[in-house]
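The sequence and structure come first.

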Amino acid sequence: MMDLFFDIPGNPVPENAHAGYFTTRDGRRIRYAQFAATGRPRIGTVVILTGRNECIEKYFETTRDLSGRGLGVATFDLRGQGASDRLLRDPKRGYVRSFQDYVRDLEQFFAEIVLPDCPGPYYLLAHSAGALIALLAAESLVNRIQRMVLLTPFLDLPGQIPSMKGVERLATALTFMGLGRLYAPGGKPSAAERKFADNKVTSDPERFARNRLLYDSYPQLELAAPTVAWLRAAAKAVAIVRDPEFMERVRIPTLFLSAGADTVVSSRAVEDYARRLRSGSLLTIDGAKHELLQETDFFRDQCLAAFDAFIPGSEPPLA
């Protein structure tokens with residue numbers, strides 16, 4: 001199974017690893033991975049939902065952290081990215097028809113992989129677009145997931161950028177013109193930022209370099225910019241989860257972690273959502289950038305400490 005992982009120096013495959021593929025009901029092959037806990041006592045399983053343009057390997061460090069706490073990890077590459085099936089002829093274009101496709105994949109992953117093979121209770125840790133998927137799936141997960149930790153969820157765009165409502169209107173118009181599979185306005189067909197000084201997601205040069213080396217070594221794992229259709233699908237998902245009637249139906253206790261220096265998603269939108277959600281609680285990590293688990297230890301340790309305080313029994317063993 002090791003040949004289903006992509007490792008680089010400084011980012012080895014965690015212990016007790018298993019990888020494979022499952023086939024979705026619409027015929028897509030999705031790569032998944034399971035990692036058994038190394039710490040004792042064993043206290044359950046965390047399902048990790050990655051963000052856009054992420055892959056299983058980017059969470060190896062976090063997997064080792066959770067495994068040492070007695071938590072197994074189960075995760076998969078979202079359809080259209082990582083080593084899962086790409087959805088367009090050009091594999092670099094970030095595309096999905098609907099975020100409900102992600103939700104259906106998550107539900108199938110639970111039914112076919114997590115429930116039969118991973119010990120409960122079950123928790124969910126999700127980042128950015130993955131956190132939006134988690135919210136969208138919350139109704140179907142209520143009897144499966146005990147608690148969710150959502151890192152910098154994609155609920156709106158930051159600053160003076162047009163709101164998601166404006167994005168949806170523009171993207172819908174472009175889609176109806178037959179332009180849905182083109183890169184979104186302002187998006188570049190090149191890969192993500194390659195220089196640390198230009199990046200918006202972390203202030204940690206070593207973790208940035210590690211992740212850059214991963215994608216440079218295995219360019220097939222990386223995406224370029226999102227398409228118009230992906231942005232339209234994301235905007236429609238945001239509209240659903242921000243509807244007050246939908247929020248009333250979210251019953252899973254949920255911790256939201258916002259990054260105080262986030263310039264990728266709107267921290268204000270995350271904080272407002274968490275305060276309005278009956279089952280929600282909030283911690284803002286001042287000064288941190290968007291990818292909390294890829295940040296410097298100063299910020300990352302705060303993220304993990306919040307996780308430990310929220311997920312029962314997950315405190316790391318004393319040194």
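## Strands β5 and β6

His127 has Leu151 in β6 as its bridge partner. Strands β5 (residues 122-127) and β6 (residues 145-151) run parallel and share six bridges; pairing requires at least two DSSP bridges between two strands. The model is predicted: local features need pLDDT of at least 70, side-chain atom pairs count only at pLDDT 80 or more, and totals for chains, interfaces and linings use all residues. Residues are numbered from 1 along each chain as its sequence is written, and side-chain values use heavy atoms, leaving out hydrogens and water.

## The sheet

β5 and β6 belong to an open, mixed sheet of eight strands, ordered β1-β2-β4-β3-β5-β6-β7-β8. Because β1 (17-23) and β8 (280-285) each have a single partner strand, one side of each lacks a neighbour in the sheet. Helices (H or I, at least four residues) and strands (E, at least two) are DSSP runs, numbered from the N terminus.

## Helix α3

Helix α2 (residues 99-117) packs against α3 at about 75°, with the axes 9 Å apart. α2 is therefore roughly perpendicular to α3, a term for angles of 65 to 115 degrees. Axes are lines fitted to C-alpha atoms, for helices over the stretch in contact, and angles run from 0 to 180 degrees between N-to-C directions.

In this contact (heavy atoms within 4.5 Å), Phe99, Gln100, Tyr102 and Val103 of α2 meet Ala129, Leu132, Ile133 and Leu136 of α3. Eight of the eight residues in α3 are buried, meaning under 20% relative accessible area with a 1.4 Å probe, protein chains only.

Terms used:
Buried means under 20% relative accessible area, exposed over 50%, partly exposed in between (1.4 Å probe, protein chains only). Angles under 35 degrees count as roughly parallel, over 145 as roughly antiparallel, 65 to 115 as roughly perpendicular and the rest as oblique.
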